[in-house]
Every structure is written in C-alpha cells, then in structure tokens.
Amino acid sequence: MSSERQAPADLALMRRALVMARPYWPHIVATFLITLVATPIALLQPLPLKIAVDSVIGDDALPGFLEPWVPRAFSSSTLGLLVFSAALVVLVELLARLHKLVTAVLQIYTSERLVLDVRSQLFRHAEGLSLSYHDARGSADALYRLQSDAPSINAIALGGVVPLIRSIVTSIAMLYVTARIDLTLTLVAVTVFPVTLMVTLIAKRRFRSRWRGVKEIESSALAVAQEVLTSLRVVKAFGQEERERRRFERVSQQGIGARIRVHIAHSGFSILAGLIRAGGTAAVLFLGVLHVLDGTLTLGSLLLVMSYLAQLYGPLLALGQQFTALQRSFASAERVFEFLDREPDVQEAPNPRRLERARGAFVFDGVSFSYGEETVLDGFELSVPAGARVGVAGRTGAGKTTLMNLLARFYDPTSGRILLDDVDIREFKVSDLRGQFGIVLQEPVLFSTTVAENIAYGCPTASRSEIVGAARAANVHDFLEGLPNGYETEVGERGMRMSGGERQRIALARAFLRDAPILILDEPTSSVDIETESSIMEAMQRLMRGRTTFLIAHRLQTLEACDLLLVMDGGRLISVTTKVEEALGAVQQAGALDAATEADGQP
C-alpha cells in the first residue's frame with residue numbers, strides 16, 4: 001500500500017478512534033492540558049546549570065526573566081546564587097515528579113474506562129451477530145478482538161493523539177527558545193526534521209501489514225487453545241495431549257517469528273533515527289564550540305542550547321518511533337472496526353411489530369435455506385395449527401435442526417417465508433419473537449453458576465417458589481434437594497459437575513419456568529439411559545400441553561405422542577402423517593434414517 005493511500009487511512013482510523021472515545025473527550029483534553037505543563041518544567045531543568053556556570057563560576061548577570069523571582073539575599077552574593085541554583089534543581093525535580101503522578105493517575109483512569117467501553121461495544125456486537133458468522137469464524141476470533149484488539153482504541157485516542165500534540169508543542173517551544181539564543185544553531189538543528197520524517201514515512205509502510213499478520217497468527221493460536229481445552233475429554237480419551245501441544249506450539253512459534261521480525265524492523269528504524277539525531281547534535285556541537293571560541297556565545301548558553309537540543313530531539317525521535325509503533329494499534333483498530341462494521345445476517349425490521357404472546361400457528365411457505373453452496377432445505381411446505389405437537393424425524397443432515405433454527409430466526413430463509421399467526425416472522429421484533437420459544441437442546445447448555453440461576457436463566461426475576469415448581473415439573477426437584485447446597489450448588493463449567501440426564505432435566509425446568517407458547521425439543525433424550533429417558537419423557541408430556549411443540553428425535557417411538565409426524569430427507573419433507581407406523585413405512589421406503597437408528601426406532 002502506498003503512503004498516499006495509507007496516510008488517509010491512518011487519519012481515518014485516528015478520527016474514528018476519537019469518535020468512539022467521545023464520552024472521554026473531557027478526560028483526554030484534561031490529560032493533554034496537564035501534559036503541556038511538562039514543557040515549562042523541561043525549560044526550567046537546564047537553568048540551574050547555566051546559573052552555576054555563567055553567574056556563579058563566571059561573572060555574568062542572571063538572565064533578565066529570572067531577576068524578579070530571585071530574592072535579593074540570594075542574588076547579592078556568589079554563595080547565595082549557588083544555594084539558589086541548587087535549590088532550583090530540587091524544586092524542578094519535585095514539580096516534574098508531581099506532574100508525572102497527576103498525569104499517570106488521570107491517564108490510567110481514562111484508559112481503563114475507555115478500554116472497558118470498547119470491549120462492551122464489541123461484546124454487545126458479538127452477541128448481535130448472526131450464528132452463521134460465529135459458525136464460520138469461531139468464537140476465538142471474537143474473543144481475541146475483544147481482549148487484545150480493543151486496547152488499540154485507547155492507544156490511538158489517548159496514547160497516540162495526546163503525545164503527538166504534546167511533542168509538537170514541546171518542539172515548537174524548544175525551537176523558539178533556542179532561536180532566541182542562537183538562530184544559526186537552531187537552523188542547523190531543524191535540518192534533522194525532514195530527514196526523520198522521510199524515514200518515518202518509508203518505515204511505517206511495512207509495519208501495518210506485518211502487525212496485522214501477527215494479530216491473525218495470535219488469533220489462530222487462541223483458537224487452538226480454546227478448541228483443545230473445551231474438548232479436553234476427547235483429547236485425553238484418545239491420548240492426543242502431546243499432538244495438541246505440538247499443534248499449539250507450532251502456531252505460537254509462527255507468532256513469535258512474526259513478532260521478532262517486526263521488532264527487528266522497528267529496532268532498525270530506531271537505530272537509523274538515532275544516527276540522524278546524533279548527526280544533528282554533532283553539527284550543533286561543532287558550530288556551537290566555534291561560536292564560544294569567537295565570543296558570540298557564552299559557555300553557559302552553549303550548555304543551555306545543547307540541553308534544549310536534547311529535549312527537542314527527544315520528542316522528535318519519540319514522535320517518529322511512536323508513529324511507527326502506532327502501526328500495531330492501527331492494525332488492531334482495523335480489526336475492531338472491521339468487526340463492528342459487520343452487519344448481522346438477521347436484521348431487525350425497520351418498524352417491527354410487537355408480539356406479546358403467540359397462539360403458535362405456523363405456515364412454512366416454500367422455505368429454502370443454504371449454507372454457502374450447500375442447500376440444506378429445499379422448498380419446505382407445511383401448515384401447523386396452534387397447540388399441535390409436531391414430531392420431526394430424519395437421518396443426520398436431513399435439515400431438522402436447521403428448520404428449528406429458522407423458526408427462532410437464528411437464520412433467515414434464503415427464499416420463502418415462515419408465518420407465525422399469519423404474520424411473516426421477519427416482521428416481528430426479534431427479541432419478542434425469541435421470547436415465544438422454550439428451547440431444550442440435545443446437549444443442554446448450563447452456565448457456571450448455581451442450579452437456581454440456571455433454571456431461572458430465561459426468567460431472572462423468578463421467585464424461589466417458582467423455580468422449585470419448575471424443578472418439580474421437570475422431575476428434578478428431589479435430586480436437587482439432595483445436593484450438598486441444594487439449589488445453590490454450583491454446576492461447574494458448562495454444567496460438567498452434573499450427569500447428562502441431570503443437565504437435561506435442569507434444561508427442562510428452565511423451559512417450564514419460561515412458560516413459552518412454543519417449544520423446540522431437539523433430541524432431548526438421545527444421550528440418556530432408558531430410566532432417565534422415561535423420567536424426561538414424562539416431564540416433556542406435561543411441558544407440551546397447550547403449547548405448539550416441535551420435537552426432533554431419531555427414535556420414532558419417541559414421537560408417539562405427537563399429532564403430526566414429519567419425515568425429512570435431503571432437506572425435503574417426504575412424509576406427513578399422524579401414525580408412527582406410516583412414518584416408519586416412509587422411512588423404510590426412502591431410507592431416510594440411519595440403519596442403526598431405524599432398527600432402534602421400530603415401535
């Protein structure tokens with residue numbers, strides 16, 4: 001990318017970072033104003049040395065601007081001036097330290113609050129993105145942007161803009177003061193500026209793309225770690241710990257190599273910038289000594305100029321290094337804004353209809369859905385009356401779960417429409433629509449908190465008696481009462497302290513408590529024993545009463561209590577019946593179930 005194209009990109013990223021940081025503009029301005037105090041403090045630092053050399057050791061008078069500030073008792077004697085210069089060293093140092101303390105506290109508060117706000121925006125946006133994005137990219141990518149890329153906004157808005165302006169102001173102040181002392185030396189000193197600027201513009205081209213590559217590699221390493229740790233039982237069961245460790249180290253090693261290459265390039269830039277600075281300092285020193293020898297400049301003034309020159313080149317060198325270092329933050333900021341600019345596939349209607357409580361009548365009107373090039377549903381047609389219990393059977397990959405995902409608008413059909421109570425579900429407010437569903441999955445999801453909070457997840461304001469009532473309805477109350485801490489027992493990460501059947505019944509209790517008019521039960525008994533299945537089925541019978549229910553199952557006998565039995569194959573509806581025997585006949589004719597499942601499913 002050319003510098004002509006990249007410079008506007010830098011400015012655009014900086015401008016957008018400042019817009020995101022708008023709530024903290026007062027803090028950023030206050031930080032900037034406080035940092036400006038560093039300039040007069042820096043101007044004071046070499047003064048004690050000049051006084052000692054020119055006015056104590058030498059015979060020159062005090063600089064005119066200092067005379068009103070020096071008490072007569074000190075200025076009237078050599079010893080007094082020496083005491084004053086020594087005291088001034090301590091006073092300037094105290095002011096510098098107090099200034100750093102105040103600046104640090106304000107910067108830390110502002111940066112921490114700003115980063116938290118950015119992470120909150122990213123988290124909220126990640127929740128709003130469609131499942132298709134997370135399915136394609138994985139959760140580790142969003143986690144990396146949330147944790148590692150979010151601080152880039154602070155690095156640009158507070159760590160980039162404020163030091164940039166401060167360095168410019170400090171440089172102008174130093175140039176003005178040195179020009180008043182010796183204009184020739186100042187003109188020699190500023191020749192460093194264009195050379196440093198040219199080197200900076202050349203160097204920064206490479207850093208952005210390299211840092212973006214580092215971010216991609218580190219995100220991949222996080223994805224490996226997350227995948228392994230969330231699947232640790234499988235890894236251990238197959239004895240693949242060493243293999244996964246090598247895989248993680250291989251990806252991480254790529255990140256180390258990329259980081260080292262970036263830092264080598266940055267160090268090379270620092271060396272070159274330092275040599276340019278040293279060349280300017282050497283030229284000023286050479287001419288300055290000649291001016292002292294010919295009497296046009298005092299030794300104290302030369303020392304003062306050299307001190308100011310160090311402080312002039314310091315911000316200049318830091319400015320160049322910071323601008324190249326900011327390419328890392330710009331690379332992260334690009335990833336942040338790229339994520340925030342991504343629109344969810346499932347969009348809220350411009351003027352959505354509110355939905356209090358649905359009757360639960362559905363019409364599938366030519367519904368098709370594709371994942372990329374793969375067609376999962378093709379022209380699905382069905383009418384479901386309110387309160388009906390619909391059983392859905394079919395081999396793995398037949399489109400059963402996709403159909404359920406479309407109901408709750410986790411995805412939208414690629415063609416056709418789904419009507420709920422004679423209204424296209426895309427016209428409803430998304431949160432209202434999803435509030436009509438109670439969902440129990442094949443692998444129930446529990447959160448690492450208490451049993452009571454898990455049951456009340458869909459109804460956070462539920463009372464303890466309501467939670468207990470839901471647990472009783474799900475046939476899990478007696479078990480929960482027997483736990484060491486009862487309903488306050490922690491279930492562990494993803495509920496792994498509970499058995500599969502216990503997790504499933506807690507998920508059923510959650511559905512009971514939600515009291516939604518529509519149920520989606522996605523193979524809720526596929527991974528439990530016969531006794532537990534019987535208990536779960538009994539609870540499900542109670543749960544389904546008076547509600548429109550979609551029950552997915554591999555075993556057809558599980559669907560005996562349903563009013564409609566659907567058999568799906570290859571994304572198509574091949575049979576609609578009310579009898580298990582007829583559904584089994586359709587299955588056998590089309591081979592729509594896996595062989596083992598079909599045998600197991602015979603009534």
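Helices and strands here are DSSP runs, numbered from the N terminus, and two strands pair if DSSP finds at least two bridges between them. The model is predicted.

**The hairpin**

Start with strands E9 and E10. E9 covers residues 564–569 and E10 covers residues 572–577. The two strands run antiparallel and are joined by 5 bridges. Valine 567 faces serine 575 of E10 across the pairing. The hairpin has 2 residues between its strands. Glycine 570 in this hairpin has a positive phi near 60 degrees.

**The sheet**

E9 and E10 belong to an open sheet of 6 strands. The order is E6-E7-E8-E3-E9-E10, and the pairing is mixed. Which strands form the edges? They are E6 (437–440) and E10, each of which pairs on one side only. Neighbouring strands are turned against each other by 15 degrees on average, direction ignored.

In a regular strand the side chains alternate between the two faces of the sheet.

Strand E3 spans residues 389–394. E3 and E8 (residues 548–552) pair in the parallel sense over 4 bridges. There glycine 391 stands opposite leucine 551 of E8. E3 also runs parallel to E9, and 5 bridges join these two. In that pairing glycine 394 is placed opposite methionine 568 of E9. Is E3 enclosed or open, judging by how many of its residues are buried? Of its 6 residues, 5 are buried, so E3 is largely enclosed by the rest of the structure.

The pairings with their bridge counts and directions are listed here.

| Strand pair | Bridges | Direction | Opposite residues |
|---|---|---|---|
| E9 and E10 | 5 bridges | antiparallel | valine 567 and serine 575 |
| E3 and E8 | 4 bridges | parallel | glycine 391 and leucine 551 |
| E3 and E9 | 5 bridges | parallel | glycine 394 and methionine 568 |

**Helices**

Helix H16 (residues 400–407) lies across the strands E3, E6, E7 (518–522), E8 and E9. H16 runs at about 150 degrees to E8.

Helix H21 covers residues 500–514. Its 15 residues reach 21 Å from the first C-alpha to the last, close to the 21 Å expected at 1.5 Å a residue. 13 of those 15 residues are buried, so H21 is largely enclosed by the rest of the structure. Aspartate 515 follows H21 and has a positive phi near 55 degrees.

Another pair of helices is H6 (residues 78–128) and H8 (residues 139–149). Their axes come within 9 Å and cross at roughly 170 degrees. Angles over 145 degrees count as roughly antiparallel, and H6 and H8 are therefore roughly antiparallel to each other. H6 contributes Arg119, Leu122 and Phe123 to the contact, while H8 contributes Arg145, Leu146 and Gln147. By type, the contact residues are 3 nonpolar, 1 polar and 2 charged.

**Positive phi in loops**

Most residues other than glycine have a negative phi. Two loop residues are worth a look here.

Arginine 409 is not a glycine, yet its phi is positive, about 60 degrees. Arginine 409 sits in the loop between H16 and strand E4 (415–420). Is arginine 409 buried or exposed? Its relative accessible area is 1%, so arginine 409 is buried.

Asparagine 475 is not a glycine either, and its phi is positive at about 60 degrees. Asparagine 475 lies in the loop between helix H19 (464–473) and helix H20 (477–481). With a relative accessible area of 24%, asparagine 475 is partly exposed.

How values were computed. Residues are numbered from 1 along each chain as its sequence is written. This is a predicted model: local features need pLDDT of at least 70, side-chain atom pairs count only at pLDDT 80 or more; totals for chains, interfaces and linings use all residues. Side-chain values use heavy atoms; hydrogens and water are left out. Axes are lines fitted to C-alpha atoms, for helices over the stretch in contact, and angles run from 0 to 180 degrees between N-to-C directions. Contact means heavy atoms within 4.5 Å. Angles under 35 degrees count as roughly parallel, over 145 as roughly antiparallel, 65 to 115 as roughly perpendicular and the rest as oblique. Ala, Val, Leu, Ile, Met, Phe, Trp, Tyr, Cys and Pro count as nonpolar, Asp, Glu, Lys and Arg as charged, and the others, Gly among them, as polar. The expected span of a helix is 1.5 Å times one less than its number of residues. Buried means under 20% relative accessible area, exposed over 50%, partly exposed in between (1.4 Å probe, protein chains only).
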